[in-house]
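Morning, everyone. Let me put it up on the screen.

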Amino acid sequence: MNLPFWFTVEPQDTLAIRGNSAFLNCSAHSDAATPAHIEWKKDGTFMSLVSDERRKILPDGTLFFSHVVHSKHNKPDEGTYQCVATIENLGSISSRTARLSVAGMPRFANQPLPATARLGDSQVMACEVNSDLVAFIRWEKDRQPLELSTRLIQLPSGALVISNASETDAGTYRCLVENVGSSKLSDEAELQTVPGNLREHQLEFLVQPVSVTKTTDASVLLPCVATGYPAPRISWMFGDKLLEERYVLGGGSLQISNLTEADAGLYTCVADNSNTTIEAQAQLTVQVSPQFVKRPANIYAHESMDIIFECDVSGSPAPTVKWVKNGDAVIPSDYFKIIEDHNLQILGLVKSDEGFYQCLAENDAGNIQSSAQLIILDPAGPTSSAPRDVVASLVSTRFIKLTWRQPAEPHGDELTYSIFYSQEGTSRERVVNTSRPGEMQVTIQNLMPDTKYRFRVVAHNSNGQGESSAALKVATQAEVQVPGPAPNLQGVSNTPTSVSLSWDKPLTGNGEILSYKLYYTDKSVGKEQDIDVDGQSYSMAGLKKNTEYSFRVVANNRHGPGVSTEDVVVRTLSDVPSAPPQNLTIEVHNSKSIMLRWQPPPLSGQNGKITGYKIRYRKGSRRSESETTEGTQLYKLMDGLEHGTEYSFRVSAMTVNGTGPATEWMTAETFESDLDESRVPDQPSSLHVRPLVNSIVVSWTPPENQDIMVRGYAIGYGIGSPHAQTIKVDYKQRYFTIENLDPSSHYVITLKAFNNVGEGIPVYESAVTRAQSDPDVDLYDLLHAPYTPVPDPLPMMPPVGVQASVLSHDTIKVTWADNSLPKSQKVTDNRYYTVRWKTNIPANTKVKMVNTTNLSYTVPDLKPNTLYEFSVMVTKGRRVSTWSMTAQGTTFETTPSSAPKDVTVVSKENKPRTIIVNWQPPSEANGKITGYIIYYSTDVNAVVHDWVIEPVVGNRLTHQIQELTLDTTYYFKIQARNSKGMGPMSEPVQFRTPKTESSDKMANDQGKLALHTLSLGGSGGFPVHAAHHIPPEKVRRTVPLLHCMLSFCLFLCVLSDRKRAASKSSNGSHKYKGNSKDLKPPDLWIHHERLELKPMDKSPDPNPVMTETPIPRTSQDITPADSGLESNPHLQQRRPPTHPHVVKTASIGTLGRTRTPMVVTVPNAPDVPETSKMLEDVDSSYEPDELTEEMAHLEGLMKDLNAITTAP
């Protein structure tokens, strides 16, 4: 930074002891001859220490307190301090602020109380003092200092935790506060230890964690102490992640050191003793002190310039930033402005602005400062003359782009420029500077529409500011007057499926409001829809229950849609659930209890917040009873049941509106007697295997000891190892078929019984599957079964109820039901389903398929905004169903993923300041195109917001831009938009406007002869000039010859038409030949075979003026491209004009060389006989060789004619 002086030490927050001495350190280093003078501020005011005997500034700048004064009514030393360093004639800088706190008198809010601790259990001895003195607490046992450990810890409150108590912990305890002027002792309390009994007592917290705020790099202790029998085990969760035990201290408290932002979050202490689980939560907030991302830098500038000191900071919470100059706060004004959150802008520099500027950032975690110097330079030599040729190359509604040339006398190489501007009628100027030396263009932003401005440009060399250019007056473009936002948009839900909305008329309607468009979005889906509304209110029905919708309104006037309102979010009212809970399971615990577990109804069927669940149960066919649970409880232990009895259960969800539908009844039978579940089951008494080709049948018998609870069996299998796959089956099951195995392979199989304690001892077997050629039947069954012919397998019933649910722009979920499955719709056999899908696009008949064993499949990687058809079939062994009925779904729209293509720019005929832009839609529109944005600029590397924007509404593919600057290169880009947003921009297309205004007129004075000039598409046209004066007698002599030559030309044209007609039968009947793409036509294509050579009628006017070809005045008037002309807007076929027209065109030769544009006179369409009409329909294609030969003849004839008419 190279400042002449800076702080080497800044004050820090300090806790002082009343009556003791205290220091606040501060020191500054100076490169100047004069050392920096240090002063101090307290609470923002300079301190006067001249006659203060108790406080003084030491030679190095430190503020010294000989003894700190602090009482209840007099606290002169406590406060916020800041040191200020000053060098005469240079300026001042201020340090960071520091807080001086004074420790108060020790006061005990809680003191230790007599307590009893069971051996092996935990106990807490309380000691609570005022918070600023916790750091000064220590404990004594039997009046001796107590050494802390992982088993004996002191909590942030000062309390002592004794975990895993032993007999040595018995004694008298007290806490004391010392080193704060005077020590203070708490009451003594005796701790007794007693033997731990085996009787169960309630699990409870002795100390729970509390939410706390810390700064980065600090440490935190989250206390958690629990007691109970059996002894609890304490674990910690961070969010949903289990923390490692190495962070947990004795007794269960959590210690985290060197905190980072990533440590912030919700922590949960979980105490579990196998009978009960309890939880306690605390939020840890981690604050980050301010840090500089970008510090302010020194600035050297001349008077009248605008400068910006940049300052960027980070921190949590977000720091506040303020600026000071020479130690005094900078107050924002017309000349001092805070921009872009933290940067300081100074407008129109004057000499008194010199000095030191500091950026000070502060949040709850701390504060920092950084300095920079502003130096105003004096001119040291000749300055530059005025910049030349200042012009406005781009004019928009809110910005103007200026360009200029270098001054004639720059007096230097590295010139920079300042652009001064003001609104017409005001004298106050604003200034914008170029961003780099030598740059001779700038864009002035944030102007007012339809407003006149004055601009002048000044060059700066190393000696300072030079002469000003002459003032340039430019007016910004007018802005389309569309309505403003409709105020006071409100929405309220009247029923679970409807919302009423109302709004007021826009304050700035800019004319009559014709209608309103109401946009609404289901926030669970994200797709915005709209509806037209005539009034200022609307009631929308048919909405989803208990669903958030966002609404916004746009007013329309004759200019189009206006500014949208902000979104208003409304949630529809809740209702009773419309679907039952999902995945109900029943598990028999013992002879008197059954555990029920379930999942909530699907979100679409909840219709509100689930407040609880109702469980109905019955014994046999008796009348049912009911119980309820909390809304978040997804299980219920039904106890007090009769042993050996079958019970039925079903569950329904409840909201505040009532109870929804129930699940199907499910049954379970309690055990006849209670079995032992304090240990794992014994080994199964036997295991038998029977191998087939692709499967192995496993059968077994239960363990011999029937008094131990068995809840199921785990079957492990694999080639060479039993640990590859594991299957668990019910405790009642005695056999299982392992399927989908490889033939001729050696499998190892293991079987284990399990209960809630764990898995028992396994029993092993092995088997080799049969070879593929072996029949997949048992040998015994094959030898003893009577012969019966094998019937063809019956076909499976196809799946029913196929539905396609659209999830996003590229995924659709397909679901179905299988009537051949039981009501539970659980697949337990080896059947699988095949899902196939395709689009409805005729050109794309490709079908995709996938197999699944579930009753649903989510199809990924689909195209946006595309209709798909889905069907499903089921396969089980050799049995296959037919395809199901189809279901359809259209993926959602998303933003276009490709840019508009085939962008072309052409100049408008006879209007060189107007161009026409044409394009084709993007290949991947991903939705209905609702508009385009055309960007154009003279600088292809300019940032996007510096390009002029031309919006195009709807799906038009052409647009006209007017009032461009002559002889200027422009660049054009186009961006497509659909309901989801903007797509990518096209590559820039370059176009240069003509150098001068054109004036194409043809003279037709007496004695001059006008000849037609033809442009033969694709075959090198030629100009025919008739500009020479011809004497009357020569006219009489040459007119017969001219008639002869023109007749010969007509004969050649008809001859060529006949040749083409003859070749048409062999070349097909298409309108343009395949090689037309190689012979690109000019902008205005003239089909010469459709024109007739005809002498022009003489006009009574000696100088008749030919009218220009009509070109639409606005982009809306341009007719779209004829589909018969390959969709190219340049190849539109014009209707025969009612008056002669002059058309500019370029002819393209057979070798692709462009000739000079020529004038083509298009006469009125004559009445032609049927044969002529037939000739008009002949194919207009030309073979290049034919045309070259014909044109050579015609060109020779015209040269002869020109020689005759110019002969003396």
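Start with the disulfides. Count the bonded cysteines along the chain, and the pattern reads 1-2, 3-4, 5-6, 7-8. Keep in mind that this is a predicted model. How many disulfides does a search of the whole structure find? Four. A quick reminder: a disulfide is a covalent bond between the sulfur atoms of two cysteines. I'll walk through three of them.

Take Cys26 and Cys83. Their sulfurs sit 1.9 Å apart in a disulfide. Which hand does the link have? It is right-handed, with 60° about the S-S bond. The pair ties together distant parts of the chain, 57 residues apart. Cys26 is in the loop between strand 3 (22-24) and strand 4 (27-30). Cys83 is in strand 9, residues 79-87. Buried or exposed? Cys26 has 0% relative accessibility, so Cys26 counts as buried. Cys83 is buried too, because its relative accessible area is 0%.

Next, Cys224 and Cys269. This disulfide has an S to S distance of 1.9 Å. The link is left-handed, at -75° about the S-S bond. Again, distant parts of the chain are linked, here 45 residues apart. Cys224 lies in the loop between strand 25 (220-222) and strand 26 (225-229), and Cys269 in strand 30 (265-272). Both cysteines are buried.

Now Cys311 and Cys359. Their sulfur atoms are 2.0 Å apart. This link is left-handed, with -70° about the S-S bond. The two cysteines are 48 residues apart. Cys311 is in the loop between strand 33 (307-309) and strand 34 (312-316). Cys359 is in strand 39, residues 355-363. Cys311 has a relative accessible area of 2%, so Cys311 is buried. Cys359 is at 0%, and therefore buried.

Where is Thr769? In the loop between strand 71 (763-768) and helix 2 (779-784). Why does Thr769 count as buried? Because its relative accessibility is 3%, and the cut-off for buried is under 20%.

What does the side chain of Thr769 meet? One of its polar atoms lies 2.6 Å from the backbone oxygen of Asp742. The backbone nitrogen of Ser744 is 3.0 Å from a polar atom of the Thr769 side chain. Beyond its neighbours within four places in sequence, Thr769 is in contact with several residues, including Pro691, Leu692, Val693, Leu741, Pro743 and Tyr747.

That's the tour. Questions, please.

Conventions. Residues numbered from 1 in each chain as written. Predicted model: local features only at pLDDT ≥ 70, side-chain atom pairs only at ≥ 80, totals over all residues. Heavy atoms only, no water. Helix = DSSP H or I, 4+ residues; strand = E, 2+ residues; numbered from the N terminus. Buried < 20%, exposed > 50% of the residue type's maximum accessible area, 1.4 Å probe, protein only. Polar contact = N/O pair within 3.5 Å; in protein donor to acceptor, adjacent residues only side chain to side chain. Contact = heavy atoms within 4.5 Å. Disulfide = S-S within 2.5 Å.
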